[in-house]
Amino acid sequence: MKVLAIETSCDETSASVNIDGKRILSNIVHSQIDLHQAFGGVVPEIASREHIKRITVIIEKALEEAATAKEEIDLVTVTKGPGLIGSLLVGVNAAKAFAFARGIPVVGVHHLAGHIYANSIDHELRFPLLALIVSGGHTELVIMQDHYRFEKIGETADDAIGEAYDKVARVLSLGYPGGPVIDRLARKGNPTYPMPRITPPTKYGFSYSGLKSHMINLIHKLNNRKETIRPEDMAASFQKAAVAHLIDQSVRAFRDHDAKMFVVAGGVAANSHLRERVEEAFQDVPYIMPAFEYCTDNAAMIGVAGYHRYRLFGEEEGMAMNGHSRLDLT
Amino acid sequence: MRKSPLRLVIDTATDYLYVGLFAGASPKEEHHRRGKRDHSVHLMKKVEAVCSAGGITPDELDGIVVGVGPGSYTGVRIGVTVAKVLAWTLGKPLYTVSSLALMASGTEGLVLSCVDARRGNAFLGLYEVGPTKMEVVEEDRHTDLEAFIKGLPTNPRVMTEGRPDLHRLEAGGFLDKAENIHAVAPNYLRRTKAERQKDSQT
Ligand SMILES: [Zn+2]
């Protein structure tokens, strides 16, 4: 079965073709980051306008690179939420229109299901599986007893980890997005600044507002005292504390649930310190971290998740599918 | 005799969702509904419904006509996305038309088409619509509605929704065949608020 996938939930316009949710034939990602950088964050209306300008070109490129004709596609899958509603609606309507024109089924995919399934591109998933989802909007632990059976066991009580990175980068005047710049800088520094140990708000939950406030206060205090701030040490200290919290909670959840596999999902899965810490903490059990190209938003992961969704549940909503800015992972 | 071309006409720039299947310039099947930000749920269902009521499969369509705004940004994007992807997937021509002209074409007289744009502003266009054709009197714009109406010598007929008359639109040259389907985008008439604010700062 040949699958065409579309992802437009935020500021990337992406399309991908795969075979049986396994072999990725193409994965075209058009990032709008340059357009939004001047505004210090993603501007939803600008994102939507870009998506509609690019959508058919990106789909065409994905088919071309996959050496696949439109007529060969058997299934369309698309991110239906959560995300920026104006952006989601471009992808959802494009997917429905393509499916209708070709007389084939269309399936909506939860964006985070996509991030989790990014891990099954080069590996076989094993259940029960524990997934750590880390991105600009999410910090969650999810248990899967089988394919497409998600149970959220913990989430952030306040900020997502990516938000905390962005905020700290802004206070240190490092630019946007914060994750990659802090990660890069941290590699040149040492964790010399004292950081608070984060108290989990619930057994498997997360909290980043305390660490964020601590960073802001520390920087103000040092500035007031006219002490020089070593940004690379500051970045290393923050990153160490932020990642340690992820690892602590993941290890606890993994143990308590007798999980057989650990996977990391979402944009922050590209963070080098997180990857190192996962390798240390999970060295005795099977774990997967997605290849870098599948960490950030991309349609390949939506195609893989959508294939499994269709295999298990069929078409479901079809032409009545809508986009949803908020959506539960089910 | 040559069969008249079958075209699908879509407009979602206002609260009014319009889908029509036309043979030549005559409607065969039409669907319209007043919605509230739910065009995304209904548009493709209605496209499916008019095609099946007309007894055709999508590949029997000879072209797609779409209202490209101005109007609700999100609304118009739904229609334009669907029209673009249908035309491109089917390899059929795409025709664009002003959503305001489309709205005016169904009635006669001096017609003011307008879409509320908040704070007394509207996207509006003034058209003279005759029995067989129509023309632009004042180009589509974003402006203060009351001031615009006050400045007119006669009172126009105000339209905020309406079904298209393809005869008049074609006779008046309102349909533009897209040279490059990839490049088709809504006519927002306004840059985004973020861009306007950024400009006023510098
Ligand atoms: Zn994402």
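In chain B of this predicted model, residues 24 or more positions apart account for 63% of the contacts with a separation of 6 or more, where contact means heavy atoms within 4.5 Å. Local features are reported at pLDDT of at least 70 and side-chain atom pairs at pLDDT 80 or more, whereas totals for chains, interfaces and linings use all residues. Residues are numbered from 1 along each chain, chains are lettered from A in the order in which they are written, and side-chain values use heavy atoms, without hydrogens and water.

**Overall form**

- Chain B has six helices and 10 strands, which are DSSP runs (helices H or I, at least four residues; strands E, at least two) numbered from the N terminus.
- The radius of gyration of chain B is 17 Å, close to the 17 Å of the globule rule for 202 residues, so the chain is as compact as a globular protein of that length; the radius is taken over C-alpha atoms, and the rule is 2.2 Å times the number of residues to the power 0.38.

- Buried residues make up 54% of the 202 residues in chain B, buried meaning under 20% relative accessible area (1.4 Å probe, protein chains only).
- Beyond its neighbours within four places in sequence, B:Ile64 is in contact with residues including B:Leu8, B:Ala83, B:Leu86 and B:Tyr95.

Note on methods
Buried means under 20% relative accessible area, exposed over 50%, partly exposed in between (1.4 Å probe, protein chains only).
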